[in-house]
Amino acid sequence: MDIISQLQEQVNTIAAIAFNTFGTLQRDAPPVRLSPNYPEPPSTATATATAAATAVVANPTTTTEESPNNNISEQPKLLSAELVKAAKQFDALVAALPLSEGGEEAQMKRIAELQAENDLVGQELQKQLEAAETELKQVQELFNEAADNCLNLKKPD
């Protein structure tokens with residue numbers, strides 16, 4: 001896989017990690033009272049029981065026991081570490097990109113050279129196409145002539 005494809009894949013990985021991180025934090029964050037004017041949020045035990053019941057209905061294989069990955073105080077640390085690791089991998093890929101040599105003028109010169117080479121190859125291909133079309137017409141004419149000769153040799157019934 002080339003370096004650009006690897007960079008694109010790493011960007012997609014970072015986006016997925018960020019999406020999952022925000023979703024997990026939003027899903028698992030405990031309720032917090034925003035203002036004294038709002039009613040008291042439901043108790044943590046009730047919210048946990050409701051979330052567990054919803055999780056069991058949504059995914060029957062899920063257990064309600066908390067594993068180390070479900071610990072709300074550890075999740076931000078784990079998720080942020082994963083995000084930082086992905087960002088460092090991206091930085092390493094960027095560092096592996098070849099450096100442009102000679103600045104913008106050298107790049108423009110190289111682009112002009114490649115364009116001229118492309119034009120020459122295009123002209124050669126056009127000549128070959130025209131020659132092939134001419135040969136095809138000749139073969140078609142010969143085939144038609146041979147077919148006509150065969151039909152003329154056929155005896156009428």
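**A pair of helices**

Reply: The protein chain has four helices and zero strands (DSSP runs: helices are H or I of at least four residues, strands are E of at least two, numbered from the N terminus). Along the sequence, these elements give the pattern α-α-α-α. The model is predicted, so local features need pLDDT of at least 70 and side-chain atom pairs pLDDT 80 or more, while totals for chains, interfaces and linings use all residues. Residues are numbered from 1 along each chain as its sequence is written, and side-chain values use heavy atoms, with hydrogens and water left out.

The part to look at is the packing of helix α1, residues 3-28, against helix α3, residues 75-95. The axes of α1 and α3 lie 10 Å apart, at an angle of about 165° (axes are fitted to C-alpha atoms over the stretch in contact, and angles run from 0 to 180 degrees between N-to-C directions). α1 and α3 are therefore roughly antiparallel to each other (the term applies over 145 degrees). In the contact of α1 with α3, 15 residues are nonpolar, six are polar and three are charged.

Gln 10 counts as buried because its relative accessibility is 9% (buried is under 20%, with a 1.4 Å probe). Setting aside residues up to four places away in sequence, Gln 10 touches Ala 86, Gln 89, Phe 90 and Leu 93 (heavy atoms within 4.5 Å).

For the setting of this pair, consider the protein chain as a whole. Of its 157 residues, 7% are buried. Counting contacts between residues at least 6 apart in sequence, 70% join residues at least 24 apart.

Another stretch carries a record: the unreviewed UniProt entry annotates residues 111-149 as "coiled-coil region". In the model, residues 111-149 are 100% helix and 0% strand. The C-alpha atoms at the ends of that stretch are 56 Å apart.

Note on methods. Angles under 35 degrees count as roughly parallel, over 145 as roughly antiparallel, 65 to 115 as roughly perpendicular and the rest as oblique. Ala, Val, Leu, Ile, Met, Phe, Trp, Tyr, Cys and Pro count as nonpolar, Asp, Glu, Lys and Arg as charged, and the others, Gly among them, as polar. UniProt positions are given in the numbering used here, feature names are shortened, and annotations may be inferred rather than shown by experiment. Buried means under 20% relative accessible area, exposed over 50%, partly exposed in between (1.4 Å probe, protein chains only).
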